[in-house]
Amino acid sequence: MAIDRPVADPVGNSPEALAKLPPETVFARLRNGEITRRDVFKAMSALGLASFGARVFDQNALAADELKMIIWEGYADDTYRVPFEQANNCTVSYTEAGTGDEMFAQMETSGGKNYDMVSASSDLPKRLYDAGLLAEIDTSKLTNYANLWDQFKTPDYITFDSKLYGVNFAWGPTLLLSNGDEMTTAPTSWNALLDEQYKGKISTWNYPLQIAQYALLLDPVPDDPYVLDDDQLAAVKDILVKQRPLVRLYWNTGLELAQAMLNKEVVISDGWSWISQQIRAEKGNPVETIPTEGVTGWSDSWVISKAAKNYDLALKWADWMIGPEGQVGLTEVMGYSITNKIAAASLPQDRQEQLRLTNVTDEYAKIKMWKFVANYDKWVQVWNEATQG
Amino acid sequence: MSTARVALRSNRRPLLLLLILPVAWMTVFYLIPIGVLLTHALFSVKYPKIDHHLTLVNFQTFVDTELYIRVLVRTVVMAVGVTLCDLLLAFPVAFWLARRVRRNREIALFLVIFPLWSSYLIRIFAWKTLLGTSGILNSFLQWAHVTNAPISFLLYSKWSILIALTHIWLPFMILPLYTVLDRIPESLLEAANDLGAGSVAAFRTVVLPLAKPGIVAGGLTTFSLTMGDYIAPTLLGGPGDQMIGKLIADQFGVANNWPLGAMLIIPVLLIISTILLLANRAGAMERTAG
């Protein structure tokens, strides 16, 4: 076949040159016989290696800017995570845990290497500190630290040996949640979780720390529901055993409870306002109640692993989450109370009242915040015996 | 003595050398770590570290605490239940596959294995959707007027665990059964027929004994998998349905009591080893004369 041969490109037919040309030109030359299939193959390999090398290089660059965290559900919501990722050119990868115990287990078994940060509730930092897993917080690098209410700056649950090991960013109660559509009157007491009329439709959090919540039902009420002697523990175990035939399921993650309530498997449970936000988003009608006996609750801080690869980036995230965008974002997404007084003041007055921010000292004191429990393995055993034995 | 055996005897050394690598691998990456793990049962925990003085306190805890023994029994019962259900369901399928499917056998086998391609968790969540009070099964039963109200015991109960695990482990029972049933020559069954055995008697005297290795293999797999499972009870079980796997995992995770966790592993290992030994004694492990 006689074909007019085009003039050869002055750059030549080396693999690198071919790799730069558009494919039609390369294959035209192949058809013309100017280059062989081997040349095309070499060109494609050169292209492939170049892009592969670029990816590997980028991968290394990316790895330096990845922040790994293990958190309660909702704490890496797009609302505040995405702007942070864009502003700092990094990726935040997160694992959501169902309980603080899981967070502890993950950190302990990996020696703190699996995650850079943890959203640790008030019972957890001491356990992590005693296991030698926490890095000290350098408050000089936190631009929003001065705007925290004083009680959140160096609270005892994140201060050990006069040094600060966490950044307190949110707090709230574990509430009594019920389905407004299925109930005629809202419940007012934790005893509603033991009520026969809700038999087979009750749920409660599968977390040994909840023993403290049920301890509020004891008579006399213990001064500190996190310090229980053997008699009190036995009494709580009796309550749990009495409750067990009425329970539909023990929920593990907030999403699981939200779905169970939406599917009408469960009508009443304990939970957090993030869960009711999820139910509301799916057109449910959750009712939040603070029972007469009082509530247990949590105060969450960002703690940084001693083995964190990215200490500065972790500190930046903590700073972001106690900053105005992070704090306001938390109120919108989670419905939790916050720790930055300037951010709180920026909210409308009725929202501040709703979120317990108009009188933080008193409101905070009303909640029996989670504490480190010295004989926690005993609590785990009691809980397992009562709920599973 | 077969020629193969004679050849083996004279050429032992290359065979032994060939075995050194896998044996070494198993020892270093499997036997030694398990050994180290099990020795933890003799230690105890003094918050927050493990105290390495030898003690029998974990054995004491295991024996004294009703919880662990009760959950262990519950797990064994569930494992037996799942194995029996799988056996009952898998045998007809394997028999039909091995002896009745002539064309497109590969496609049929592929369909058996296909569910294994999907994630285990997805299948568990699928059962949650199917069995719930507003789930597909209940909606269907009410639409067909079989029931008036949703059946609640189907989910968050031992039944949901049994159903889900039977479904998930079924391919592991079908495949070994298919393998042994496929190997039974048709001539044996014809001979039994000629000698006057009806199909039931032929099944009982010819098929069943020859299928024993397959039954044992499939049964052991299903039994061990159920003994160790804890995700199905956590997601599909209700109060009092948890199995020993979760209690062991709890010790290594949330309770941070590795010694007790190691202690709890020992009964599980003993149970499975006993069954293996009994099966071996009953001759179920021997290869049949093809």
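In the predicted model described here, 22 residues of chain B are in contact with 24 residues of chain A, two residues being in contact if their C-beta atoms, placed from the backbone, lie within 7 Å. On the side of chain B that touches chain A, two elements give two or more residues, namely α4 (66-99) and α12 (244-252) of chain B. Helices (H or I, at least four residues) and strands (E, at least two) are DSSP runs, numbered from the N terminus. The most is given by α4(B), with four residues. By residue class, this side of chain B consists of eight nonpolar, 11 polar and three charged residues. Here Ala, Val, Leu, Ile, Met, Phe, Trp, Tyr, Cys and Pro count as nonpolar, Asp, Glu, Lys and Arg as charged, and the others, Gly among them, as polar.

Residues are numbered from 1 along each chain as its sequence is written, while chains are lettered from A and ligands numbered from 1 in the order in which they are written. As this is a predicted model, local features need pLDDT of at least 70 and side-chain atom pairs count only at pLDDT 80 or more, whereas totals for chains, interfaces and linings use all residues.

Chain A contains 16 helices and 14 strands. Its radius of gyration is 28 Å, well over the 21 Å that the globule rule gives for 389 residues, so chain A is more spread out than a compact globule. The radius of gyration is taken over C-alpha atoms, and the globule rule is 2.2 Å times the number of residues to the power 0.38. The C-alpha trace of chain A spans about 105 × 50 × 45 Å along its principal axes. Of the 389 residues of this chain, 45% count as buried. A residue is buried if 20 or more other C-beta atoms lie within 10 Å of its own, exposed if 12 or fewer, and partly exposed in between, with C-beta atoms placed from the backbone. Among contacts in chain A between residues at least 6 apart in sequence, those joining residues at least 24 apart make up 73%.

Chain A is divided into domain 1 (15-62), domain 2 (66-165 + 299-358) and domain 3 (175-294 + 375-388); these bounds come from an automatic or database domain assignment. A distance of 48 Å separates the C-alpha centres of domain 1 and domain 2 of chain A.

Strand β3 (residues 117-120) of chain A pairs with strands β1 (residues 66-71) and β12 (residues 296-304) of the chain. Two strands pair if DSSP finds at least two bridges between them. Two bridges join β1(A) to β3(A), and these strands run parallel; I70(A) stands opposite V118(A) in β3(A). The pairing of β3(A) with β12(A) is antiparallel and has four bridges, with S119(A) opposite W302(A). In a regular strand the side chains alternate between the two faces of the sheet. In β3(A), M117(A) and S119(A) point one way and V118(A) and A120(A) the other way, and all are buried.

Some backbone features of chain A lie in loops. A cis peptide bond, with omega about 5°, joins D219(A) and P220(A). P220(A) is in the loop between α7 (211-215) and α8 (230-243) of chain A. The loop between β4 (159-160) and β5 (163-164) of chain A holds D161(A) and S162(A). Phi is positive, near 55°, in D161(A), a residue other than glycine, and is also positive, near 60°, in S162(A), again a residue other than glycine. D161(A) is exposed, with 7 other C-beta atoms within 10 Å; S162(A) counts as exposed with 6 C-beta neighbours inside 10 Å.

In chain B there are 13 helices and two strands. Buried residues make up 30% of the 290 residues in chain B. Of the contacts in chain B with a separation of 6 or more, 71% are between residues 24 or more positions apart.

Helix α13 (residues 258-281) of chain B has 24 residues. From its first C-alpha to its last, α13(B) reaches 35 Å, close to the 34 Å expected at 1.5 Å a residue; the expected span is 1.5 Å times one less than the number of residues in a helix. The buried residues of α13(B) are W258(B), P259(B), L260(B), G261(B), A262(B), M263(B) and L264(B). What covers these buried residues includes α2 (12-39), β1 (44-46), β2 (49-51), α3 (57-64), α4 and α12 of chain B.
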